[in-house]
Amino acid sequence: MSAPISNTIVNLPDQSTATIPKRNYINNEHGLLSWLLTGDHKRIAMLYLISITFFFFIGGAFAGLIRLELLTPQPDLVSSDTYNKFFTMHGIIMIFLFLVPSVPATLGNFFIPIMIGAKDLAFPKINLLSWYLYMIGGTLTLTALVLGGVDTGWTFTTPLSTHYLNTHVITAATAIFIAGFSSIFTGLNFIVTIHRMRAPGMTWFRMPLFCWSNYAASVLMVLGTPVLAIALVLVALERLVGIGVFDPTKGGDPLLFQHLFWFYSHPAVYIMILPGMGVISEVISTFSRKRVFGYTAVAFSSVAIALFGFFVWAHHMFIMGVSNYSALVFSLLTMLVAVPSAIKIFNWAFTLQKGSITFETPMLYAFGFMGLFTIGGLTGVFLGSLGMDIHLTETYFIVAHFHFVMVGGMLMAFLAGIHFWWPKMTGRMYPESLSKLAAVITFIGFNLTFLPQFILGYLGMPRRYHAYPPEFQVLNVLSTAGATVLGVGYMLPLLYLGWSLKYGAIAGNNPWQATGLEWQIQSPPLTENFVTIPIVDYEAYDYEWLEKKQREEVTTVG
Amino acid sequence: MGISPVLWQFLVKWLHNSALFPAEASTIAPYTDALYFFLIAMTVVGMFLVVVLVFVFSLKYRREKSPVATQVEGSTLLEATWTIIPLAIFLVTFVWGALLYFRIYDPPANAMNIYVVGKQWMWKAEHPGGQHEINALHVPAGRPVQLTMISQDVFHSFSIPDFRVKREVIPGRYTTVWFQATTPGSYHIFCTQYCGTQHSMMIGEVTVLTPEDYDKWTKQSTSGMSLAQNGERLFASMGCNACHSGTAAARGPSLAGVYGSRLTLANGGQVLVNDAYLRDAILNPSQHVTAGFAPIMPTYQGQISEDGLIDLVEFIKNMQSNYRVQQTQMTGETDQAAPTTPGEGTTETVKP
């Protein structure tokens with residue numbers, strides 16, 4: 001036993017003899033139509049992956065333009081109207097077309113059926129329909145953009161959006177309305193699939209935590225998104241025929257819109273973050289070779305977040321003249337919803353304890369997630385605390401907080417997941433050292449971009465400002481510099497993942513020695529996923545079972 | 001070394017003029033900052049814990065050192081610890097934040113009132129004494145000031161970061177915020193709610209003056225007509241005095257001394273008469289009929305600007321008797337509604 005223990009768990013087949021399996025979901029059928037009319041959840045996931053990546057870079061381009069404008073205090077790069085359109089499009093695209101579908105529609109779509117031992121989702125055609133709805137929503141968004149843009153902010157606040165703007169509000173609202181249905185259908189599909197299609201022996205508490213968190217997010221999608229749809233329909237009606245629901249001169253209440261909007265849009269942040277938390281559970285377990293510490297607590301904390309997440313929406317409105325009592329109740333509930341997230345963070349940290357840890361790229365992203373999400377979550381407590389919220393809300397503090405959770409948290413988790421499952425999805429490995437570099441660049445760039453914004457926020461710099469007082473410039477320059485670094489960090493994976501499609505090392509079935517059912521089948525998987533439906537007689541993250549199974553395989557083959 | 005002196009000077013000046021922490025210029029600011037530092041400490045400790053755990057475990061249990069993982073199910077004790085301790089900290093934050101919230105939003109009874117109207121894209125401040133300002137606000141140091149604010153169009157938000165106060169300015173509804181400035185000087189006013197094209201131009205300066213300077217300013221910059229006087233003129237010219245004359249035969253209730261009283265409505269409800277009630281009753285009278293009167297008042301929706309409403313509210317607020325109403329009614333009938341010079345002290349805000 002004198003050989004040094006390797007610092008990686010990666011175990012690739014002999015590259016001189018290994019090949020991509022002859023029959024798999026990618027080459028099962030050929031031609032564009034075979035993709036556009038497919039019912040295969042894996043192909044739909046890939047369609048989603050391509051489309052959300054496209055929209056991510058469009059949204060990212062707007063972010064770059066915003067940061068470029070804010071390099072100087074004067075409004076000198078573009079006109080105010082154009083700047084307002086920039087941040088509106090950045091918000092709409094990033095939230096509705098990237099963050100909401102990011103993990104569920106790509107990784108969830110691809111892996112939830114496989115993880116529970118099913119051949120496909122419960123409703124393959126509805127799954128395809130949801131991609132088409134997404135694309136129609138995306139195309140309409142781009143149409144609104146090409147026709148001249150929209151400048152309501154992604155929040156569509158009335159009466160600004162209904163009475164005071166002449167831009168393409170209805171087109172953008174329709175786009176979100178339609179994209180919303182795509183999200184409802186995805187959620188519905190996941191719920192039914194997880195309830196009805198688990199393989200024999202796959203009990204609820206044997207499911208990987210990724211399934212739990214996506215299940216919780218699905219419940220939010222199905223129950224929350226219709227309220228957004230209603231709010232948007234009312235905005236459109238108010239604009240077109242002036243029904244007066246939100247118009248105080250007609251007896252309406254402009255605050256009602258905010259209630260409806262945040263009733264969806266607060267749970268929406270959990271729709272965005274929960275699936276990412278699922279990814280982190282998988283990654284941390286795999287790279288520390290340990291069952292997730294307190295599996296049940298982590299599973300139920302997802303459910304708790306989904307449940308409490310519906311009862312905190314008015315914390316977006318503390319300064320808007322809601323009654324003192326409701327402010328108190330919503331602040332208290334906001335404090336409660338922070339607890340399950342804290343539980344998750346500590347459970348992940350203790351998963352590392354007594355593990356056998358290696359530091360492949362997905363793990364680096366997961367560590368990044370843990371750090372940035374902790375800051376993002378704790379700064380959320382600042383905003384949930386009533387008196388503090390008065391000073392901090394509507395400033396760059398809230399911008400920084402939201403980006404720490406959504407970009408520092410969710411995007412890190414998405415990238416962790418993409419790297420983690422890339423070998424399974426494509427059959428090939430990404431280049432390890434380059435991707436580690438990208439993870440580090442992203443982390444540094446992110447902090448440089450958003451940490452100064454906390455300080456700016458406490459100074460009082462309001463969000464959505466095209467121009468700002470000159471004493472805020474130094475921090476804004478730092479932030480823009482960070483955004484440049486961050487941009488490099490996001491371009492790199494696009495390039496090397498593309499490269500790896502052709503030149504990456506052949507991954508084999510289970511490069512990470514992971515326990516999930518998806519790792520026990522070939523990479524890329526067969527169209528029908530499993531040759532025979534698996535019978536599950538072991539817990540999730542059972543590394544001893546895996547070891548035993550691998551020993552047996554060696555003996556049988558040998 | 002090779003850095004040009006011009007560039008060096010520029011950098012020094014640029015960094016020197018940059019802000020890192022806002023001034024504490026109100027009595028509330030130290031309370032807000034105390035909570036802020038507590039929350040920062042919480043974040044730093046939380047972050048430190050997570051980083052230390054990840055670091056130590058990563059070093060100690062990396063594969064080279066710990067080739068085989070020991071499976072652990074979990075630990076109820078540990079999990080209870082990290083449920084209860086964060087919960088306790090968050091609850092402390094909740095209570096502290098709630099106390100601060102009420103401190104910031106509950107004005108002291110002796111606060112002087114200034115009206116603020118927000119519109120795309122400016123702030124109009126209207127002092128009861130007849131001083132009108134745009135994108136500027138003059139206040140005395142050491143005296144509590146309450147702002148009663150309303151928007152003429154979309155949502156705005158009135159923020160003075162150096163005072164740590166902010167409140168949404170909403171169409172169709174009065175909102176209030178108060179502060180007591182401590183240090184004379186000039187501070188930013190921002191609109192923090194996105195309100196359209198020139199959102200970032202909807203900024204102004206609040207100038208805090210010493211009490212003496214403030215008195216000087218008040219005398220120099222008055223338009224000569226107090227808000228209540230404007231309101232009186234409007235009251236006559238809109239014909240309000242025809243019904244609200246306070247005579248026995250009047251078709252509308254007497255408004256003298258009504259402000260601050262509890263009123264029984266025709267539908268049996270009880271209301272406290274405050275600024276918001278008066279405004280609503282003018283715009284939407286059929287919902288606010290005083291018990292004993294017929295619902296005959298027409299709506300004034302769309303006929304009076306927010307400024308006009310403020311004048312009327314201010315007039316009714318300060319109305320102690322119906323004498324002058326009846327007087328103007330006489331002259332009003334001959335179409336000469338010129339107000340007489342008000343007596344001493346009528347421009348003072350009278351608190352019920």
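A:Arg464 is located in the loop between α15 (432–459) and α16 (473–503) of chain A, where helices (H or I, at least four residues) and strands (E, at least two) are DSSP runs numbered from the N terminus. The model is predicted: local features need pLDDT of at least 70 and side-chain atom pairs count only at pLDDT 80 or more, whereas totals for chains, interfaces and linings use all residues. Residues are numbered from 1 along each chain as its sequence is written, chains are lettered from A and ligands numbered from 1 in the order in which they are written, and side-chain values use heavy atoms, with hydrogens and water left out.

The phi angle of A:Arg464 is positive, near 60°, although the residue is not a glycine. With a relative accessibility of 10%, A:Arg464 counts as buried (buried means under 20% relative accessible area, exposed over 50%, partly exposed in between; 1.4 Å probe, protein chains only). A:Arg289, also not a glycine, has a positive phi of about 55°. This residue belongs to the loop between α9 (254–288) and α10 (295–308) of chain A and is buried at 12% relative accessible area.

Two cis peptide bonds are described next. The bond from A:Thr158 to A:Pro159 has omega near -5°, and A:Pro159 is placed in the loop between α5 (124–147) and α6 (160–164) of chain A. The cis bond joining B:Gln120 and B:Trp121 has an omega of about -10°; B:Trp121 lies between β1 (112–119) and β2 (122–126) of chain B, in a loop.

In chain B, 5 strands form an open sheet of mixed pairing, in the order β3-β2-β1-β5-β8; two strands pair if DSSP finds at least two bridges between them. Strands β3 (132–134) and β8 (175–180) of chain B are at the edges with a single partner strand each, so one side of each has no neighbour in the sheet. Strand β5 (residues 144–151) of chain B runs antiparallel to β8(B) and is joined to it by 6 bridges. B:Gln146 has B:Trp178 as its bridge partner in β8(B).

Over all chains, the structure holds 0 disulfides (a disulfide is a pair of cysteine sulfur atoms within 2.5 Å). B:Cys240 is in no disulfide, the nearest cysteine sulfur being that of B:Cys243, 8.9 Å away. B:Cys240 is buried at 15% relative accessibility, whereas B:Cys243 is partly exposed at 22% relative accessible area.
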